[in-house]
Amino acid sequence: MSQRFHIIPGDVPADAAARRMGMTSEAFKAALPNLIARGFPKADPDTGNFDLDAIDAWRRLRHPQLYAGRSEFGPRDASTVAKERIAALTGKKA
C-alpha cells in the first residue's frame, strides 16, 4: 500500500540538520561540539535525530535585538525599538 500523504518530519538526521544550518555534513559534524557549547540543541539520545523547530528557535535566539521579549518569534514593534535606542543614546531609561 502506498503512502497517501507526505509527512514533513520534525526530527531529522544530522545530514538534514546540516542543510538547515547551510552547512555540509562534514562541516556540521566538525562544528557540532562548538555549536552545542553555545546552546545548540543536542540530538535525541534514542534516535540521534535533531529537532528542526529547536534549531530554528536557537538560530533566532542568537539575535535577541530582533526577537527578544516575545513569547513567539517575530519582528519587534518599531516604536519600542526606537524608544530603546533613544534611551541608550541619551542615557535615560526607556
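Before going on, a word on the model. This is a predicted model, so local features need pLDDT of at least 70 and side-chain atom pairs count only at pLDDT 80 or more, while totals for chains, interfaces and linings use all residues. Residues are numbered from 1 along each chain as its sequence is written, and side-chain values use heavy atoms, leaving out hydrogens and water.

Now the overall layout. The chain has five helices and two strands, and from the N terminus they follow the order β-α-α-β-α-α-α. Helices (H or I, at least four residues) and strands (E, at least two) are DSSP runs, numbered from the N terminus. The chain has 94 residues, and 19% of them count as buried.

Back to R20. Which residue does the side chain of R20 meet in a salt bridge? The partner is D56, at 2.8 Å from N to O. A salt bridge here is a side-chain nitrogen of Lys or Arg within 4 Å of a carboxyl oxygen of Asp or Glu. R20 sits in helix α1 and D56 in helix α3, so this pair ties together parts 36 residues apart in sequence. D56 counts as buried because its relative accessibility is 12%.

R59 forms a salt bridge with D56, and their closest N and O atoms are 2.6 Å apart. R59 and D56 are three residues apart in helix α3, so about one helical turn separates them. With 26% relative accessibility, R59 counts as partly exposed. Through shared partners, R20, D56 and R59 join into one network of salt bridges. The whole structure holds two salt bridges.

Let's stay with helix α3, residues 52–61. Its buried residues include L52, I55, D56 and W58. Why do they lie on the same side of α3? They cover an arc of only 160° around the axis, and that puts them on the same side; the arc is taken from the directions from the helix axis to the C-beta atoms. Facing away from that buried side are the exposed residues D53 and L61. Covering the buried residues of α3 are, among others, β1 (11–12), α1 (14–20), α2 and β2; this goes by contact, meaning heavy atoms within 4.5 Å.

Finally, the aromatic rings. The structure holds four aromatic pairs. Rings of Phe, Tyr and Trp (its six-membered ring) pair if their centres lie within 6.5 Å; planes under 30 degrees apart count as stacked, over 60 as edge-to-face and the rest as tilted. One of the pairs is F28 with F50, edge-to-face at 5.5 Å centre to centre and 80° between the planes. This pair links distant parts of the chain, with F28 in helix α2 (residues 25–37) and F50 in strand β2 (residues 50–51), 22 residues apart. Both F28 and F50 are buried.

F50 also pairs with F40, this time tilted, at 6.2 Å centre to centre with 55° between the planes. F40 lies in the loop between α2 and β2, ten residues from F50, and F40 is buried too. Put together, ring pairs link F28, F40, F50 and W58 into a cluster. W58 is also one of the buried residues of α3.

Note on methods: Buried < 20%, exposed > 50% of the residue type's maximum accessible area, 1.4 Å probe, protein only.
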